[in-house]
Amino acid sequence: MRMTVIGTGYLGATHAACMAELGHEVLGVDVDAAKIEALQAGKVPFFEPGLPEVLERNIEAGRLSFTTEYTEAAEFAKVHFLGVGTPQRHGSYAADMTYVKAVITDLVPKLTGENLILGKSTVPVGTAAELQDMANELAPAGTTVEIAWNPEFLREGYAVKDTITPDRIVLGVQDGGRAEEVAREIYAQPLAGGTPFITTDLQTAELVKVSANAFLATKISFINAVSEICEIAGADVTQLADAIGYDDRIGRKFLGAGLGFGGGCLPKDIRAFMARAGELGADQALTFLREVDAINMRRRDRVVDLAKASFAGSLLGHRVTVLGCAFKPNSDDVRDSPALSVAGSLSLAGAAVTVYDPEGMANAKKVFPTLNYAPDCESALRDAELVILATEWKEFKELDPAAAGELVSRRHIIDGRNVLDVEAWQTAGWTLDALGRSL
Ligand SMILES: NC(=O)c1ccc[n+]([C@@H]2O[C@H](COP(=O)([O-])OP(=O)(O)OC[C@H]3O[C@@H](n4cnc5c(N)ncnc54)[C@H](O)[C@@H]3O)[C@@H](O)[C@H]2O)c1
């Protein structure tokens, strides 16, 4: 099938390449000319394991190309995926819908015949219906545009696998439309492989996505709230999480106590969900998410406080190395990254901060150009008086405490992700602080 994917960021570039991998003819569309140029040259402008190979293979096979031109998009296909950003609106909790609306405004007047727009962006409930009204007004005479919503659940770091073999496909449709039929054809391969397919109305589909993210955020903040109690009571949150995680109604996943969540999705999605609930007159329903957000942000402060405490209260002039600046491992995404937030706070409190991350530094430099960025882990550790493990990259989890100890000037580490072997590090002469544990 021929289709376009509009917005070729983390979601859209992955979706475009993976739809081509499924055998479709795909045109990726973005307003960012540099991004389109890179993609057309077979270069993924962000870090996503496995994606460069899929991109190159499908460009070479002639199934995948890219453009900045909406006219070309309108001529290319009758099925359009919409995957542009929905960031937090400046000065508000609500989602900024400018980009989503711009797609409708720019695309629809150029369409002819019968068209389907499948929304993938994470949007406030009610958006698809609003976009349908907009499209009806903007469509040229004789042109029809059907809007359906097909929320995306991919995880950065596993985006290719999550797109080609998703754990479920959700589709919000309107009565009498043909979206389900088209989606079944597009996703024939994963559906044949047994992927559950949930067809529902537009508003349920929109809400599925934000509810899933709100639940995940709540689970992380739950264990981090318990972590605060563990710190005071002298308990160990990692053992506690193991113990409660054996209950399969609870499960161990997303019970990793530590620096908390960040990235381009969870923080802005829970805030947009609260904002939308308020607009709908149901703000009380989601006030707990305010607490989820606050618990999450307190973990960052806690790490900064532990760092201060390790220097008797003042960070002024002390050399601190922060390992990690991406919001999670296997990603270069630093949007709302807890690691980068900690590094920035330490720097503002007077510390001489050095950061190292295997993939995230180019993006981090744009946000915090004043931090010192080391070319590798070894240089980052050299002469450090305090090390903070802030993103749980494999390289950091597998650090040899004895070898690392030879590099630093003081053996003190804060494990912000509870991933280090405490005994091994202590045996190698390190003082180790961790969140939710008294060590
Ligand atoms: N990143 C993820 O892991 C993920 C997962 C699931 C859902 N989502 C959702 O997907 C959406 C996109 O997220 P992302 O992380 O890919 O964001 P992103 O910022 O990486 O990408 C958005 C892209 O849209 C482009 N764009 C903006 N306006 C445009 C326009 N008018 N026409 C064409 N392109 C335009 C931007 O240039 C950018 O390349 C968001 O709603 C997000 O919540 C993201």
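**Binding positions and ligand shell**

Lysine 35 touches Thr8, Asp30 and Pro45, leaving aside residues up to four places away in sequence; contact here requires C-beta atoms, placed from the backbone, within 7 Å. The model is predicted: local features need pLDDT of at least 70, side-chain atom pairs count only at pLDDT 80 or more, and totals for chains, interfaces and linings use all residues. Residues are numbered from 1 along each chain as its sequence is written.

Annotated positions
- An unreviewed UniProt entry lists Asp30, Lys35, Thr86, Thr122, Glu156, Lys268 and Arg335 under "binding site".
- They span 306 residues in sequence and the farthest two C-alpha atoms are 23.5 Å apart, so they do not all gather at one spot.
- UniProt positions follow the numbering used here, feature names are shortened, and annotations may be inferred rather than shown by experiment.

- Lysine 35 lies in helix H2 (residues 33-40), helices being DSSP runs of H or I with at least four residues, numbered from the N terminus.
- Lysine 35 is buried because 22 other C-beta atoms lie within 10 Å, the cut-off for buried being 20 or more, with C-beta atoms placed from the backbone.
- Lysine 268 belongs to helix H12 (residues 266-279) and is buried, with 23 other C-beta atoms within 10 Å.
- Pro87, Gln88 and Ala95 are touched by lysine 268, not counting residues up to four places away in sequence.

Ligand shell
- Among the 26 residues around the ligand (C-beta atom, placed from the backbone, within 6 Å), Gly7, Gly9, Leu11, Ser121 and Thr122 come nearest.
- Helix H1 (10-21) and helix H5 (98-107) each supply at least two shell residues.

Notes. Buried ≥ 20, exposed ≤ 12 C-beta atoms within 10 Å, placed from the backbone. Contact = placed C-beta atoms within 7 Å.
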